[in-house]
There are 2 protein chains.
Amino acid sequence: MRTHQLVLEWIEKQLSSGELTLGGRLPGERAMAEQLQVSRTSVREAVRILEAMGVVRAGVGSGKDAGTIVIAEPGSALGSTLRLHVATRHLPVADIVETRVLLESWAVERAHAGVPELAEASTLLDHMDQAPDPITFLALDARFHVALAQSAGNAVVSAMMASLRGAIENYAGELTGNLPDWDATCARLRAEHRAILAAVNANDGGAAAELVAAHIRGFYAEAGVGRSTEE
Amino acid sequence: MRTHQLVLEWIEKQLSSGELTLGGRLPGERAMAEQLQVSRTSVREAVRILEAMGVVRAGVGSGKDAGTIVIAEPGSALGSTLRLHVATRHLPVADIVETRVLLESWAVERAHAGVPELAEASTLLDHMDQAPDPITFLALDARFHVALAQSAGNAVVSAMMASLRGAIENYAGELTGNLPDWDATCARLRAEHRAILAAVNANDGGAAAELVAAHIRGFYAEAGVGRSTEE
């Protein structure tokens, strides 16, 4: 095992045992290096990895706010990982689409009117009405779907859906070039989003699930026709 | 943006554009440092992060096998990330359990008899019949469920399920201490596993989905009674 992995293991044990908790502070670089008998470079590499995983935020500033803090941002971290793997073409777009259908129809079926994520989803739809170009629209679109999925309140499903956000933006952006008429598609997508959100807000989970599944598959079918699933 | 992130961005662009592909080799540490005008330390930090994400395998050896190779192991990488987040107690066990029910019942409904993952699942059940202790049993158990989920052939669902493996092993191990009679539970779990696999092999996806959902929830209900969902 390489030395930075020793440091990772030690920190994971501290977290599991509860000696290190959310909002808590890692020991300083030098202190960890001395305690674990490794180089400060190895400690720094381990901290960088934990940062990339969304487990810590590395220290900036000085005084009592300095130091590396334990945080909990699994979604963004899993997102970077998945986005990189989509970039390697290892994860086919068709599989992402079906996973979205699975996670999102499950989530809207369980969402309850009144949770803050649905208010956020509604605000995002208003912004999309004003979006000046497809790229801005699709970035808001991906955020809308993540907010929908989060409205079910399951932290694991939320993290998984957040992890797909970058990949969704990428494939939707790439596929947009295949559309015969962006304005027509955009108008349709906006109407469908409103209908999905209305069903969720009316606590009609069954209808919301059917609408969101048709919406996700519909865009992919329209924009993805004739494309290889590897792209 | 810190310098190691510049290196990460550059590598992601190389992957997205196809200039760097699966099995391909990253430029050497010095070459990347010179091209991007950053320190070799920053390059090394970026490579460590990509390693932790399962995107590259860092160079060992020399000659034509030396260097850092692009690989595709999203499952294990996502797994480390999720396991660390479970360790921070940010992801409640009840949410993992419901996510498993979602992913696994979806997968067994779509699995087709004859795929290699089902043969692997069967071998794992044989090993579980011989498992000398609960820890060995539960490690094989988690691998059995990952193999089941992979039998549907969706790379994203497979990666997500693989990412839960460590977390499943951990919570199952912790909850086992609550069981009144391990031998009785173990015998029941073994019989349920055989029934699930038999339904999949008979292409009876609907039955397999119901059996796997009842199996996952049943263990949690039996072992998790009275426990906080944070544990």
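Guide: The conversation below goes from the whole chain to single residues.

Visitor: What kind of model is this, and how are residues and chains labelled?

Guide: This is a predicted model, in which local features need pLDDT of at least 70 and side-chain atom pairs count only at pLDDT 80 or more, while totals for chains, interfaces and linings use all residues. Residues are numbered from 1 along each chain as its sequence is written, chains are lettered from A and ligands numbered from 1 in the order in which they are written, and side-chain values use heavy atoms, with hydrogens and water left out.

Visitor: How many helices and strands does chain A have?

Guide: Chain A has 10 helices and 2 strands. Helices (H or I, at least four residues) and strands (E, at least two) are DSSP runs, numbered from the N terminus. Along the sequence, the pattern of chain A reads α-α-α-β-β-α-α-α-α-α-α-α.

Visitor: And which domains is chain A divided into?

Guide: Chain A has domain 1 (3–70) and domain 2 (74–222); such bounds come from an automatic or database domain assignment. The centres of these two domains of chain A, taken over C-alpha atoms, are separated by 35 Å.

Visitor: How much of chain A is buried?

Guide: Of the 231 residues in chain A, 51% are buried. Buried means under 20% relative accessible area, exposed means over 50%, and partly exposed is in between (1.4 Å probe, protein chains only).

Visitor: What about contacts in chain A between residues 24 or more positions apart?

Guide: Such pairs account for 67% of the contacts in chain A with a separation of 6 or more. A contact means heavy atoms within 4.5 Å.

Visitor: Do the copies meet through the same surface or through different ones, and why?

Guide: The copies meet through the same surface, because 100% of the interface residues of chain B are also interface residues in chain A.

Visitor: How do helix 8 of chain A and helix 5 of chain B pack?

Guide: Two packed helices are described by the angle between their axes and the distance between the axes. Helix 8 (residues 155–176) of chain A and helix 5 (residues 93–110) of chain B pack at about 60°, and their axes are 7 Å apart. These two helices are therefore oblique to each other. Axes are lines fitted to C-alpha atoms, for helices over the stretch in contact, and angles run from 0 to 180 degrees between N-to-C directions. Under 35 degrees counts as roughly parallel, over 145 as roughly antiparallel, 65 to 115 as roughly perpendicular and the rest as oblique.

Visitor: Now some loops. Where is Gln37(A)?

Guide: Gln37(A) is in the loop between helix 2 (29–36) and helix 3 (40–52) of chain A. Its relative accessible area is 70%, so Gln37(A) is exposed. Gln37(A) also has a positive phi of about 60°, although it is not a glycine.

Visitor: And where is Asn203(B)?

Guide: Asn203(B) sits in the loop between helix 9 (182–201) and helix 10 (205–224) of chain B. Although not a glycine, Asn203(B) has a positive phi of about 55°. Asn203(B) counts as partly exposed because its relative accessibility is 49%.

Visitor: What does Ser158(B) contact?

Guide: Ser158(B) belongs to helix 8 (residues 155–176) of chain B. Leaving aside neighbours within four places in sequence, Ser158(B) is in contact with Ala149(B) and Gln150(B). With 13% relative accessibility, Ser158(B) counts as buried.

Visitor: Is Cys186(A) buried or exposed?

Guide: Cys186(A) is buried, because its relative accessibility is 11%. Cys186(B), at 10%, counts as buried too.
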